[in-house]
Amino acid sequence: MSQFEFRLSTQTGPSRWSGRVAFSPFAGDLNRGHPGARRPSRCEVPTVKSPHSISVPKTMLATYDAVAALIDTFCRDKLNDEYRDLARAMNAALCRKRPSPLASGQPRTWACSIIYVLGQINFLSDKATQPYMNMADVCAAFGVGQSTASAKARVVSDALHAHRMDPAW
(Lines give C-alpha, C1' and ligand atoms only; values in the text may rest on other atoms or scores of the structure.)
Protein backbone atom coordinates (compact mmCIF):
# COMPACT_ATOMS: atom_id res chain seq x y z
CA MET A 1 0.00 0.00 0.00
CA SER A 2 1.44 3.42 -0.96
CA GLN A 3 1.55 6.48 1.25
CA PHE A 4 -1.55 7.88 -0.45
CA GLU A 5 -3.77 4.89 0.19
CA PHE A 6 -5.46 3.84 3.36
CA ARG A 7 -7.94 1.23 4.53
CA LEU A 8 -11.29 2.18 5.89
CA SER A 9 -11.86 -0.49 8.46
CA THR A 10 -13.97 1.27 11.07
CA GLN A 11 -16.97 -1.03 10.54
CA THR A 12 -17.15 -4.67 11.47
CA GLY A 13 -18.12 -7.02 8.70
CA PRO A 14 -18.04 -6.59 4.93
CA SER A 15 -18.87 -3.21 3.48
CA ARG A 16 -18.48 -1.52 0.17
CA TRP A 17 -15.91 0.75 1.90
CA SER A 18 -13.69 -2.07 3.13
CA GLY A 19 -11.44 -2.05 0.05
CA ARG A 20 -8.63 0.30 -0.78
CA VAL A 21 -9.55 3.89 -1.45
CA ALA A 22 -7.10 6.12 -3.26
CA PHE A 23 -6.20 9.19 -1.25
CA SER A 24 -4.44 12.34 -2.35
CA PRO A 25 -3.16 15.12 -0.10
CA PHE A 26 -4.89 17.62 -2.38
CA ALA A 27 -8.28 18.92 -1.20
CA GLY A 28 -10.11 18.08 -4.41
CA ASP A 29 -9.42 14.37 -4.08
CA LEU A 30 -10.32 13.89 -0.42
CA ASN A 31 -13.90 12.86 -1.20
CA ARG A 32 -12.99 10.31 -3.83
CA GLY A 33 -15.06 7.19 -3.53
CA HIS A 34 -17.89 8.83 -1.61
CA PRO A 35 -21.11 8.14 -3.54
CA GLY A 36 -22.54 11.63 -2.94
CA ALA A 37 -19.34 13.54 -3.67
CA ARG A 38 -19.68 16.05 -6.47
CA ARG A 39 -16.87 16.06 -8.96
CA PRO A 40 -16.32 19.05 -11.22
CA SER A 41 -17.19 18.43 -14.83
CA ARG A 42 -14.65 18.86 -17.57
CA CYS A 43 -16.52 21.91 -18.85
CA GLU A 44 -16.38 23.85 -15.58
CA VAL A 45 -13.85 26.64 -15.37
CA PRO A 46 -12.51 27.26 -11.86
CA THR A 47 -13.15 30.77 -10.64
CA VAL A 48 -10.12 32.68 -9.44
CA LYS A 49 -10.48 35.91 -7.52
CA SER A 50 -8.86 38.78 -9.33
CA PRO A 51 -5.90 40.41 -7.56
CA HIS A 52 -7.34 43.73 -8.72
CA SER A 53 -10.33 43.88 -6.39
CA ILE A 54 -11.45 47.36 -5.35
CA SER A 55 -13.11 46.34 -2.06
CA VAL A 56 -11.83 48.37 0.88
CA PRO A 57 -12.54 48.07 4.63
CA LYS A 58 -14.76 50.83 6.03
CA THR A 59 -12.01 52.01 8.36
CA MET A 60 -9.72 52.74 5.40
CA LEU A 61 -12.33 54.18 3.04
CA ALA A 62 -11.46 57.85 3.68
CA THR A 63 -7.76 57.16 3.09
CA TYR A 64 -8.54 55.18 -0.04
CA ASP A 65 -10.69 58.01 -1.43
CA ALA A 66 -8.04 60.65 -0.71
CA VAL A 67 -5.27 58.67 -2.41
CA ALA A 68 -7.54 57.62 -5.29
CA ALA A 69 -8.51 61.24 -6.02
CA LEU A 70 -4.84 62.21 -6.36
CA ILE A 71 -4.14 59.14 -8.51
CA ASP A 72 -7.11 59.86 -10.78
CA THR A 73 -6.07 63.47 -11.34
CA PHE A 74 -2.45 62.55 -12.06
CA CYS A 75 -3.30 59.70 -14.41
CA ARG A 76 -5.89 61.78 -16.28
CA ASP A 77 -3.36 64.59 -16.85
CA LYS A 78 -0.08 62.71 -17.35
CA LEU A 79 -0.68 58.98 -17.94
CA ASN A 80 -3.58 56.81 -19.17
CA ASP A 81 -6.60 54.86 -17.93
CA GLU A 82 -4.65 51.61 -17.63
CA TYR A 83 -2.26 53.16 -15.11
CA ARG A 84 -5.24 54.66 -13.27
CA ASP A 85 -6.95 51.27 -12.95
CA LEU A 86 -3.76 49.54 -11.79
CA ALA A 87 -2.99 52.32 -9.31
CA ARG A 88 -6.52 52.19 -7.86
CA ALA A 89 -6.24 48.40 -7.50
CA MET A 90 -2.85 48.75 -5.80
CA ASN A 91 -4.30 51.42 -3.50
CA ALA A 92 -7.16 49.09 -2.53
CA ALA A 93 -4.78 46.17 -1.97
CA LEU A 94 -2.69 48.32 0.37
CA CYS A 95 -5.80 49.44 2.25
CA ARG A 96 -6.76 45.79 2.82
CA LYS A 97 -3.37 44.92 4.36
CA ARG A 98 -3.36 44.41 8.15
CA PRO A 99 -1.90 46.72 9.37
CA SER A 100 -2.18 48.97 6.36
CA PRO A 101 0.89 51.05 5.56
CA LEU A 102 -1.47 53.79 4.32
CA ALA A 103 -2.83 54.31 7.85
CA SER A 104 -0.06 56.84 8.55
CA GLY A 105 1.48 59.42 6.27
CA GLN A 106 0.23 61.90 3.72
CA PRO A 107 -2.04 60.78 0.88
CA ARG A 108 0.11 62.58 -1.74
CA THR A 109 3.16 60.61 -0.59
CA TRP A 110 1.31 57.30 -0.92
CA ALA A 111 -0.20 58.26 -4.29
CA CYS A 112 3.27 59.16 -5.56
CA SER A 113 4.77 55.93 -4.24
CA ILE A 114 2.04 53.82 -5.87
CA ILE A 115 2.68 55.47 -9.26
CA TYR A 116 6.42 55.13 -8.61
CA VAL A 117 6.12 51.36 -8.05
CA LEU A 118 3.87 50.88 -11.07
CA GLY A 119 6.32 52.95 -13.12
CA GLN A 120 9.21 50.73 -12.05
CA ILE A 121 7.28 47.54 -12.77
CA ASN A 122 6.01 48.69 -16.18
CA PHE A 123 9.10 50.64 -17.33
CA LEU A 124 7.46 54.08 -17.24
CA SER A 125 10.88 55.77 -17.36
CA ASP A 126 11.92 53.94 -20.55
CA LYS A 127 11.81 56.34 -23.50
CA ALA A 128 10.86 53.50 -25.84
CA THR A 129 7.51 52.95 -24.07
CA GLN A 130 4.31 54.96 -24.13
CA PRO A 131 3.43 56.64 -21.84
CA TYR A 132 6.87 57.83 -20.83
CA MET A 133 7.67 59.82 -17.71
CA ASN A 134 10.84 60.22 -15.68
CA MET A 135 10.53 59.24 -11.99
CA ALA A 136 11.85 62.66 -10.96
CA ASP A 137 8.96 64.24 -12.90
CA VAL A 138 6.48 61.93 -11.15
CA CYS A 139 7.80 63.02 -7.75
CA ALA A 140 7.78 66.70 -8.74
CA ALA A 141 4.17 66.47 -9.94
CA PHE A 142 3.07 65.19 -6.52
CA GLY A 143 5.36 67.58 -4.62
CA VAL A 144 7.21 64.72 -2.94
CA GLY A 145 10.97 64.33 -2.65
CA GLN A 146 12.53 61.58 -4.69
CA SER A 147 14.12 59.89 -1.66
CA THR A 148 10.77 59.90 0.18
CA ALA A 149 8.95 58.46 -2.83
CA SER A 150 11.62 55.80 -3.26
CA ALA A 151 11.45 54.80 0.42
CA LYS A 152 7.63 54.56 0.38
CA ALA A 153 7.75 52.72 -2.94
CA ARG A 154 9.92 50.11 -1.26
CA VAL A 155 7.29 49.74 1.48
CA VAL A 156 4.57 49.32 -1.18
CA SER A 157 6.49 46.76 -3.22
CA ASP A 158 7.42 44.77 -0.11
CA ALA A 159 3.84 44.78 1.17
CA LEU A 160 2.43 43.56 -2.16
CA HIS A 161 5.40 41.37 -3.14
CA ALA A 162 5.59 43.30 -6.41
CA HIS A 163 8.64 43.06 -8.65
CA ARG A 164 9.70 44.05 -12.15
CA MET A 165 7.60 42.52 -14.91
CA ASP A 166 5.12 41.19 -12.34
CA PRO A 167 2.13 39.96 -14.40
CA ALA A 168 -0.29 40.94 -11.62
CA TRP A 169 0.70 44.60 -11.90
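Modeller: This is a predicted model. The axes of helix α1 (residues 61-78) and helix α2 (residues 81-96) come within 9 Å and cross at roughly 165°.

Biologist: How do α1 and α2 run, roughly parallel or roughly antiparallel?

Modeller: Angles over 145 degrees count as roughly antiparallel, so α1 is roughly antiparallel to α2. Their crossing is right-handed.

Biologist: Which residues make the contact?

Modeller: From α1, the contact uses Tyr64, Val67, Ala68, Ile71, Asp72 and Cys75. From α2, it uses Tyr83, Arg84, Ala87, Arg88, Asn91, Ala92 and Cys95. Nine of the contact residues are nonpolar, one is polar and three are charged.

Biologist: Which residues of α2 are buried?

Modeller: The buried residues of α2 are Tyr83, Leu86, Ala87, Ala89, Met90, Asn91, Ala92, Ala93, Leu94 and Cys95.

Biologist: What do those buried residues pack against?

Modeller: They pack against α1, α3 (107-121) and α5 (146-160).

Biologist: What span should α2 have, at 1.5 Å a residue?

Modeller: With 16 residues, α2 should span 22 Å. The C-alpha atoms at its ends are 23 Å apart, which agrees.

Biologist: New topic. How many helices and strands does the protein chain have?

Modeller: There are five helices and two strands. Starting at the N terminus, the order is β-β-α-α-α-α-α.

Biologist: And what share of the protein chain is buried?

Modeller: Of its 169 residues, 33% are buried. Among contacts with a separation of 6 or more, 61% join residues 24 or more positions apart.

How values were computed:
Residues numbered from 1 in each chain as written. Predicted model: local features only at pLDDT ≥ 70, side-chain atom pairs only at ≥ 80, totals over all residues. Heavy atoms only, no water. Axes fitted to C-alpha atoms, helices over the stretch in contact; angles between N-to-C directions. Helix = DSSP H or I, 4+ residues; strand = E, 2+ residues; numbered from the N terminus. Parallel < 35°, antiparallel > 145°, perpendicular 65-115°, else oblique. Left-handed = near helix turned anticlockwise from the far one by under 90°. Contact = heavy atoms within 4.5 Å. Nonpolar A, V, L, I, M, F, W, Y, C, P; charged D, E, K, R; others polar. Expected span 1.5 Å × (residues − 1). Buried < 20%, exposed > 50% of the residue type's maximum accessible area, 1.4 Å probe, protein only.
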